[in-house]
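Colleague: Please walk me through this model. I shall ask about particular places as we go.

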Number of protein chains: 2
Amino acid sequence: MMTIKRRLLLISNSTLHGGGYLEHCKQHIQSFLGAEVKRVLFVPYALHDRDAYAKTARQAFESLGYGLDSVHEAENPVDAVQKSQAIFIGGGNTFRLLKALYDKNLIPAIRKKVFEDGIPYIGSSAGTNVATISINTTNDMPIVYPPSLQALGLVPFNINPHYLDPDVNSKHMGETREQRITQYHEEQDTPSVLALREGGLLLVEGDKATLLGITGARLFQR
Amino acid sequence: MMTIKRRLLLISNSTLHGGGYLEHCKQHIQSFLGAEVKRVLFVPYALHDRDAYAKTARQAFESLGYGLDSVHEAENPVDAVQKSQAIFIGGGNTFRLLKALYDKNLIPAIRKKVFEDGIPYIGSSAGTNVATISINTTNDMPIVYPPSLQALGLVPFNINPHYLDPDVNSKHMGETREQRITQYHEEQDTPSVLALREGGLLLVEGDKATLLGITGARLFQR
């Protein structure tokens with residue numbers, strides 16, 4: 001049996017109500033990255049203002065003792081990925097993020113680093129969506145058109161971050177999240193969807209996946 | 001000045017909380033279609049079970065005195081559009097709907113009927129989204145990948161149906177609808193977005209647009 005080196009920390013949401021940026025998962029990030037990693041490569045493409053976003057992320061990681069480089073500041077983004085010790089892809093708009101990953105030809109580069117070199121990958125919200133098979137189960141608005149919905153495929157299923165249980169008291173008639181995922185499974189050959197509530201994290205080590213946090217998750221199967 | 005024949009009734013939502021299918025807008029539909037139209041061509045592609053959906057729509061239109069044919073029952077959908085007296089595209093998943101319109105080559109056929117022949121077009125929810133420039137401002141999950149997000153372009157702006165005002169008491173950290181539309185406008189050359197609250201309808205006659213219903217709308221401009 002081949003050993004897969006994959007190490008992923010997939011976070012549902014960057015900010016929990018009432019807390020600061022990444023505050024609710026700082027300890028998980030620290031024990032995930034450990035002491036060997038010195039610098040993290042940040043991917044800010046999901047938000048429009050990349051400078052401001054990198055500044056926010058830098059503050060959070062520096063407070064944990066890690067340096068942070070943002071890939072948007074690199075002359076050659078593919079090169080920056082190839083030299084990285086760890087990758088963190090932040091949240092925002094998933095369509096915008098995935099389109100930028102394609103435009104900059106980063107999909108194969110990131111896959112190689114995770115699967116072959118075994119560097120740790122952290123994703124939050126949109127960064128969690130793009131780690132999966134596809135972004136078919138994002139909650140985001142399709143503000144741009146990526147060349148495909150296929151994503152990094154670091155895990156063999158989809159995730160729905162920010163999962164919200166149906167609100168029986170709601171008078172809004174838009175589909176619930178449950179209905180939306182069920183509609184996805186009406187389509188042929190669709191993978192399972194792990195619905196991660198806010199506060200939830202998925203730790204993936206090789207072929208083992210562990211749910212962290214106290215809010216739990218739901219697994220939808222076709 | 002060229003006169004545009006366009007006549008559209010764009011509905012935010014098919015069902016209002018506590019009411020039946022199309023119940024809240026039956027009178028608007030009746031005065032919009034008038035007495036000349038005898039049969040309506042229904043487009044059920046936004047939902048998976050097309051037979052059941054056509055049955056629901058047929059009951060609603062027959063109760064108003066109109067016959068209803070569903071395009072999914074036609075041998076040749078383009079031909080059915082060409083022969084139609086009026087078109088109604090129902091709600092569901094906007095990505096699934098738009099993909100089917102492309103797959104069946106109905107985009108040019110419907111545009112021609114509306115712009116050149118001046119037949120009345122009714123859209124509800126996803127059917128309203130596809131009537132606009134693009135589906136970039138849909139709320140739906142991208143469960144399938146259409147060949148483009150460009151839509152029928154029957155009006156020169158976008159619509160966000162089922163618009164929800166920000167809830168200041170919410171502890172959920174997903175983006176509000178306002179934030180999502182603002183993210184859309186961070187992208188270049190993006191059109192205005194009319195955010196139609198549930199219960200709202202837009203009547204378009206030639207170059208004139210009238211907001212109907214009592215819930216109102218918000219206009220977002222880049």
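Modeller: Helices are DSSP runs of H or I with at least four residues, strands are runs of E with at least two, and both are numbered from the N terminus. This is a predicted model, in which local features need pLDDT of at least 70 and side-chain atom pairs pLDDT 80 or more, while totals for chains, interfaces and linings use all residues. Residues are numbered from 1 along each chain as its sequence is written, chains are lettered from A and ligands numbered from 1 in the order written, and side-chain values use heavy atoms, without hydrogens and water.

Colleague: Where is E198(A) found?

Modeller: E198(A) sits in the loop between β7 (193–197) and β8 of chain A.

Colleague: And what is the nearest side chain of opposite charge?

Modeller: R177(A), 7.2 Å away. Lys and Arg count as positive, Asp and Glu as negative; His is not counted.

Colleague: Which side chain does E198(A) join in a polar contact?

Modeller: That of H172(B), at 3.3 Å; a polar contact is a donor–acceptor pair of N or O atoms within 3.5 Å. Contacts (heavy atoms within 4.5 Å) of E198(A) beyond four places in sequence include S12(A), Y163(A), K171(B) and G174(B).

Colleague: Changing topic, what is the strand order of the open sheet in chain A?

Modeller: The seven strands run β3-β2-β4-β5-β1-β8-β9, with mixed pairing, where a pair needs at least two DSSP bridges. β3 (67–70) and β9 (208–212) of chain A are at the edges with a single partner strand each, so one side of each lacks a neighbour in the sheet.

Colleague: How many bridges join β8(A) to β9(A)?

Modeller: Five, and the two strands run antiparallel. V204(A) has A209(A) in β9(A) as its bridge partner.

Colleague: Now helix α4 of chain B: why is it described as largely enclosed?

Modeller: Seven of the 10 residues of α4(B) (94–103) are buried, so the rest of the structure largely encloses this helix. Among the buried residues are F95(B), R96(B) and L98(B). At the helix start, a side-chain oxygen of N93(B) comes to within 2.9 Å of the backbone nitrogen of F95(B). N105(B), which follows α4(B), has a positive phi, near 60°.

Colleague: Last one: is G65(B) buried or exposed?

Modeller: G65(B) counts as exposed (over 50%), at 61% relative accessibility. G65(B) lies in the loop between α2 (50–62) and β3 (67–70) of chain B. Its C-alpha is 7.9 Å from that of K38(B), 27 residues apart in sequence.

Notes:
Buried means under 20% relative accessible area, exposed over 50%, partly exposed in between (1.4 Å probe, protein chains only). A salt bridge is a side-chain nitrogen of Lys or Arg within 4 Å of a carboxyl oxygen of Asp or Glu.
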